[in-house]
Amino acid sequence: EADYLALAQHFDVVVVENIPKFRSLEAADTLRRFVKLLDVLYDRKVRLVLSAEASLDDLFADIRSDIKSGGNLGDLAWRTALYSADGSAGMSPAAASTLMEAVRATERAESRLREMRTERYWKRCLETKGQASED
């Protein structure tokens, strides 16, 4: 997160190229880092220009589908053990929570990306940066 904060502090516009399509739960770590970047840039009113492998409508669709389908219980237990912070497997609250966090992260990321591409957001960024430089 410190790297993202440094970017937001030093740049008014950040350009990111080649964002991959998030295809499965195995991309959860990449997804978490991407969402953290979006959160930092959004909260600090930094404009974002990006190119991605897929449209915004499709960028997170596969990972949501993968998580919601779950596969069989053995597959789900193995996968939640991989991505649970405490190493929990099966249907423990911590493991199930990890899956739900990934779904919420995709929803928040998509919402922020939609907002960040609006003219209103870009104007608000300029106004916020202008006020900060006057202080």
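**View 1. Phe22, Phe34 and Phe60 together make up one aromatic cluster.** Rings of Phe, Tyr and Trp (its six-membered ring) are paired if their centres lie within 6.5 Å; planes under 30 degrees apart count as stacked, over 60 as edge-to-face and the rest as tilted. By this rule the chain holds three aromatic pairs. The model is predicted: local features need pLDDT of at least 70 and side-chain atom pairs count only at pLDDT 80 or more, while totals for chains, interfaces and linings use all residues. Residues are numbered from 1 along each chain as its sequence is written, and side-chain values use heavy atoms, with hydrogens and water left out.

**View 2. The chain is built from seven helices and two strands.** Helices (H or I, at least four residues) and strands (E, at least two) are DSSP runs, numbered from the N terminus. Along the sequence their order is α-β-α-β-α-α-α-α-α. Of the 135 residues, 41% are buried, where buried means under 20% relative accessible area, exposed over 50% and partly exposed in between (1.4 Å probe, protein chains only). Among contacts (heavy atoms within 4.5 Å) between residues at least 6 apart in sequence, 79% join residues at least 24 apart.

**View 3. The rings of Tyr42 and Tyr121 form a stacked pair.** Their centres are 5.7 Å apart and their planes stand at 10°. Tyr42 belongs to helix H2 (residues 28–43) and Tyr121 to helix H7 (residues 119–134), so the pair ties together parts that are 79 residues apart in sequence. Both Tyr42 and Tyr121 are buried. Lys45 lies over the face of Tyr42, at 5.3 Å from the ring centre; a charge sits over a ring if NZ of Lys or CZ of Arg is within 6 Å of the ring centre and within 35 degrees of the ring normal.

**View 4. Arg23 and Glu53 are joined by a salt bridge between their side chains.** A salt bridge is a side-chain nitrogen of Lys or Arg within 4 Å of a carboxyl oxygen of Asp or Glu, and the count by this rule is 12. For Arg23 and Glu53 the N to O distance is 2.1 Å. Arg23 lies in the loop between strand E1 (13–19) and H2, and Glu53 in the loop between strand E2 (47–52) and helix H3 (56–59), so the bridge ties together parts that are 30 residues apart in sequence. Arg23 is partly exposed, at 44% relative accessible area, and Glu53 is partly exposed as well, at 48%.

View 5. Glu115 is buried, with a relative accessible area of 14%. Arg120 is exposed at 53%, whereas Arg124 is partly exposed at 26%. Elsewhere, salt bridges that share partners join Asp39, Asp43, Arg108 and Arg112 into one network.

**View 6. The largest nonpolar core contains 28 residues.** Such a core is a set of buried Ala, Val, Leu, Ile, Met, Phe, Trp, Tyr and Cys residues joined through side-chain atoms within 4.5 Å. Phe22, Leu41, Leu48, Phe60 and Leu113 have the most contacts inside this core. Helix H1 (2–10), E1, H2, H3, helix H6 (93–116) and H7 each supply at least two of its residues, and H2 gives the largest share, eight residues. Leu113 touches Phe34, Leu38, Leu48, Leu50, Leu56, Leu59 and Phe60, not counting residues up to four places away in sequence.
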